[in-house]
Amino acid sequence: MDFFNTEDKCKAAIAQQRWGEGNAVCPYCGGTHTHMCKDGRYICKDCQRKFSVTVGTIFENTKISLRKWFLVMYKVASTKKGVSSHQLARDIKVTQKTAWFILHKVRGLYGITDEIELDGEVEMDEMYLGGRETNKHDSKRTAGTQGRSTKTKTPIFGMLQRDGKAVIMKVEDTKGATLMPIVGQFVKEGATTYTDELSAYNKLDENGYNHLFVNHGKREFVRCKDIHTNGIEGFWAHFKRVIFSTYHCVSKDYVQRYIDEQMYRWNTREEKSSYRFHDMFVKACKHFDYSDVLSLSTVVDTEYRTFKLKVYYAWYSHKVA
Ligand SMILES: [Zn+2]
């Protein structure tokens, strides 16, 4: 709050991050013959269009002050358990709806990166979020939802390298056909994998992994001293505490965003909050989403649009996958 205490300082930081010491780059024609006008916006001499420093970033067209955005990023970067929209609304004096919107934009910055590769000793496990039928009134219960049914519960799959990073994601179901391609994408062949006895993991051996498992069904939790999934189960325990204590309940559609947030915290747990803030800030400055792409239909220059579409498709196909 002391460092970014004016809008101008926030804008200067964004400009520095985007263009360094050079001229502002026009988002419409890519030209660099630009200069700043009196109102703080930029004008491009090549195409005569005006643009602001926030165009194409997470802050584009925002009505909230940049100081508040920066504060939210810092809060998300520095707390262990996350921030609820109700708490944030009180802290930065906006409505709960606005706070919810900002938080989701900020959470959208995380996402799973393809660069993550797990190796060595990797624990895998699945958990189910929500829909505990025993807590509901008889009239509201859904039939056939015991055990691993996904009618009312959201299955989440996790892979965690001991002393390393984790990849966690919402999945359609926990069948082998669903899980094996995900394992193939993120876990290096030849790694040693630890799981429970779920049959979905039967093919790990065939797929080139060393596979060891414990039989939870037989109340066996540690076999020999290293064969267990206590690491990933610790992650689940923390995740559930965060969901119930900070957010109380989570809509099925947004589960992945909360997962991304906790996964990001886990994967950067050795880093300082200042590192996380900077990392988020860098991503915020080159943010894009589907609505960005749609709003570009009015832009004449096709190259910039093609670039954005390419980036969007890469991002979208990853989300779908
Ligand atoms: Zn231009």
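Gln48 sits in the loop that runs between S2 and strand S3 (50-51); strands (E, at least two residues) and helices (H or I, at least four) are DSSP runs, numbered from the N terminus. This is a predicted model, with local features requiring pLDDT of at least 70 and side-chain atom pairs counted only at pLDDT 80 or more, while totals for chains, interfaces and linings use all residues. Residues are numbered from 1 along each chain as its sequence is written, and side-chain values use heavy atoms, with hydrogens and water left out.

Gln48 is not a glycine, yet its phi is positive, at about 65 degrees. Most residues other than glycine have a negative phi. Gln48 is also exposed, as its relative accessible area is 57% (exposed means over 50%, buried under 20%, partly exposed in between, with a 1.4 Å probe and protein chains only). A second case turns up in the loop between S3 and H2, where Asn61 is found. Phi of Asn61 is near 60 degrees, again positive in a residue other than glycine, and Asn61 counts as exposed because its relative accessibility is 67%.

Next comes the metal. The zinc ion has Cys26 (SG), Cys29 (SG), Cys44 (SG) and Cys47 (SG) as its protein donors, lying 2.3 Å from it. Donors here are N, O and S atoms within 2.8 Å of the metal (3.2 Å for Na, K and Ca), and sites may look incomplete because water is not among the atoms. Along the chain, the zinc donors follow the spacing C-x2-C-x14-C-x2-C. Within this set, Cys26 and Cys44 link distant parts of the chain: Cys26 belongs to the loop between helix H1 (7-19) and strand S1 (34-36), and Cys44 to strand S2 (residues 42-44), 18 residues apart. What geometry do the four donor atoms form around the zinc ion? They subtend angles of 104 to 119 degrees, so the arrangement is tetrahedral; for four donors, that label needs all angles between 85 and 135 degrees. Cys26 counts as buried because its relative accessibility is 2%, and Cys44 is buried too, at 0%.

Then there is the helix packing. Two packed helices are described by the angle between their axes and the distance between the axes. Helix H2 (residues 66-78) and helix H4 (residues 96-107) have axes that come within 10 Å and cross at roughly 60 degrees; axes are lines fitted to C-alpha atoms, for helices over the stretch in contact, with angles running from 0 to 180 degrees between N-to-C directions. H2 is therefore oblique to H4, given that under 35 degrees counts as roughly parallel, over 145 as roughly antiparallel, 65 to 115 as roughly perpendicular and the rest as oblique. Trp69, Val72, Met73 and Val76 of H2 make the contact with Ile102, Leu103, Lys105 and Val106 of H4, contact meaning heavy atoms within 4.5 Å.

H2 also packs with helix H3 (residues 85-92): their axes come within 11 Å and cross at roughly 135 degrees, so H2 and H3 are oblique to each other. On the H2 side the contact involves Lys68, Leu71, Val72 and Lys75, and on the H3 side Leu88, Asp91 and Ile92.

As for the whole protein chain, it has 10 helices and eight strands. Buried residues make up 44% of its 321 residues.

Key. Four donors count as tetrahedral if all angles lie between 85 and 135 degrees; four count as square planar and six as octahedral if opposite donors are over 155 degrees apart and all others between 65 and 115; anything else is irregular.
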